[in-house]
Amino acid sequence: MGATHAADVVALAARLGLTVATAESLTAGLVASALADVPGASSVLQGGIVAYQADVKHKLLDVDAELLSSAGAVDPRVAAAMAKGARRALGADIGVATTGVAGPTPHQGKAVGTVFTAISTASHTETYEHHFIGGRDEIRGASRDAVLVELLEALGRGTNTRPDEL
């Protein structure tokens, strides 16, 4: 499923002349990898940052240290900041982010399967909350697929607008 969505994302982003950057925590590069597996991805994918640890989220993605300390890494505001940070750090039109709990145990008071994703453009950042069921691999795969669908939807909304209005 992820491969189909990734191919659609690459095709539509290329047609629109837009670039994408990823910031991934629980997916640890699965989103960037899915995009990179598509022929022609180099015209779209700027790069990705795997930010598993809070200090990496803070230092590389400019996620507020106080937010990370008070809310923890699994939070919609953190996902939004990660997506913005990836977009800015990698010079992309669109940033996407994943953060959550893949298991096997809860993390920072959040249940296994709790995931936040985000899509960020220069004018708007949107976050999404998910509650996936399954083992670690299933949760990580579902997170990858969800953010690719969200990215595809954001690109689809932008087909009649300028890139900064996505």
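In the predicted model, helices α1 and α6 meet through two sets of residues. On the α1 side these are Gly2, His5, Ala6, Asp8, Val9, Leu12, Ala13 and Leu16. Their partners in α6 are Arg144, Asp145, Leu148, Val149, Leu151, Leu152, Leu155 and Gly156. By class, this contact has ten nonpolar, three polar and three charged residues. Helix α1 spans residues 2-16. Its axis and that of α6 come within 9 Å and cross at roughly 25 degrees. An angle under 35 degrees counts as roughly parallel, so α1 is roughly parallel to α6. The crossing of the two helices is left-handed.

In general, strands of a sheet pair through backbone hydrogen bonds, either parallel or antiparallel.

Both senses of pairing can be followed here. Strand β1, residues 20-24, runs parallel to β2, and five bridges join the two. Within this pair, Glu24 stands opposite Val50 in β2. Strands β4 and β5 pair in the antiparallel sense, over seven bridges. Here Thr117 stands opposite Tyr128 in β5. A hairpin of four residues joins β4 to β5.

A further helix contact involves α3 and α5. Helix α3 comprises residues 54-61, and helix α5 comprises residues 76-89. Their axes come within 9 Å and cross at roughly 45 degrees. The two helices are therefore oblique to each other. Their crossing is left-handed. The α1 and α6 crossing is left-handed as well. From α3, the contact draws on Lys57, Leu60 and Leu61. From α5, it draws on Val78, Ala81, Met82, Gly85, Ala86 and Ala89. Sorted by class, the contact of α3 with α5 has seven nonpolar, one polar and one charged residues.

Backbone geometry in the loops was also examined. Most residues other than glycine have a negative phi, and most peptide bonds are trans. The loop between β3 and β4 holds Pro104. The peptide bond from Gly103 to Pro104 is cis, with omega near 20 degrees. Gln108 also has its place in the loop between β3 and β4. Phi of Gln108 is near 50 degrees, a positive value in a residue other than glycine. Gln108 is partly exposed, with a relative accessible area of 46%.

Ala28 lies elsewhere, in the loop between β1 and α2 (30-36). Phi of Ala28 is near 45 degrees, again positive in a residue other than glycine. The relative accessible area of Ala28 is 35%, so this residue is partly exposed.

Definitions and conventions
Residues numbered from 1 in each chain as written. Predicted model: local features only at pLDDT ≥ 70, side-chain atom pairs only at ≥ 80, totals over all residues. Heavy atoms only, no water. Pairing = 2+ DSSP bridges. Axes fitted to C-alpha atoms, helices over the stretch in contact; angles between N-to-C directions. Parallel < 35°, antiparallel > 145°, perpendicular 65-115°, else oblique. Left-handed = near helix turned anticlockwise from the far one by under 90°. Contact = heavy atoms within 4.5 Å. Nonpolar A, V, L, I, M, F, W, Y, C, P; charged D, E, K, R; others polar. Buried < 20%, exposed > 50% of the residue type's maximum accessible area, 1.4 Å probe, protein only.
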